[in-house]
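Thanks for coming, everyone. Let me put the model on the screen, and then we will walk through it.

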Amino acid sequence: MNNKERALNLLGLTQRAGKLISGESLVLQSIRSNNAKLVCLASDASDNATKQFLNKCEYYDVPLVTAFTREEISHALGKDRTVCALMDDGFMHSLQKLL
């Protein structure tokens with residue numbers, strides 16, 4: 001198992017632990033309220049979504065990861081998603097070590 005697979009497994013574990021939110025509107029809300037510790041955006045997300053999340057994450061100083069495709073994120077979370085946010089420092093540091 002390579003680091004990318006481990007990182008995707010960690011996303012699923014984070015969701016099961018209740019420390020991950022997904023969906024564009026919820027993730028934007030968590031960024032604005034300074035609850036998001038790290039945002040994962042699909043590398044194949046639309047140009048509009050990419051620009052929106054790049055700008056928000058830069059403004060609110062939230063790390064942004066684009067290492068996964070939409071299909072990989074969706075498979076890891078078990079639902080069709082383009083973006084998700086980790087809400088826990090421990091999971092964030094673990095994911096950053098893997099990437």
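One term before anything else: buried means under 20% relative accessible area, exposed means over 50%, and partly exposed is in between, with a 1.4 Å probe and protein chains only. This is a predicted model, where local features need pLDDT of at least 70, side-chain atom pairs count only at pLDDT 80 or more, and totals for chains, interfaces and linings use all residues. Residues are numbered from 1 along each chain as its sequence is written, and side-chain values use heavy atoms, with hydrogens and water left out.

Start with Thr82. Is Thr82 buried or exposed? Thr82 has 13% relative accessibility, so it counts as buried. You will find Thr82 in the loop between H4 and strand E4 (83–86). Helices (H or I, at least four residues) and strands (E, at least two) are DSSP runs, numbered from the N terminus. Which side chain makes a polar contact of 3.3 Å with that of Thr82? It is the side chain of Arg70. A polar contact is a pair of N or O atoms within 3.5 Å; within protein, one must be able to donate a hydrogen and the other to accept it, and residues adjacent in sequence count only if both atoms are side-chain atoms.

Now Ala76, in helix H4 (residues 70–77). Its relative accessibility is 19%, so Ala76 counts as buried. Asn9 is 67 residues away along the chain, yet the two C-alpha atoms are separated by 6.4 Å. Contact means heavy atoms within 4.5 Å. Beyond its neighbours within four places in sequence, Ala76 contacts Leu8, Leu11 and Gly12.

On to helix H2 (residues 24–32). Its buried residues include Val27, Leu28, Ser30 and Ile31. These four cover an arc of only 160° around the axis, which puts them on the same side of H2. That arc is taken from the directions from the helix axis to the C-beta atoms. Exposed Ser25 and Gln29 sit on the face turned away from the buried side. Strand E1 (20–22), strand E2 (38–41), helix H3 (47–59) and E4 are among what covers the buried residues of H2. After H2 comes Asn34, with a positive phi near 60°.

Last, the core. A nonpolar core is a set of buried Ala, Val, Leu, Ile, Met, Phe, Trp, Tyr and Cys residues joined through side-chain atoms within 4.5 Å. The largest one has 31 residues, and Leu11 and Ile31 are among those with the most contacts inside it.
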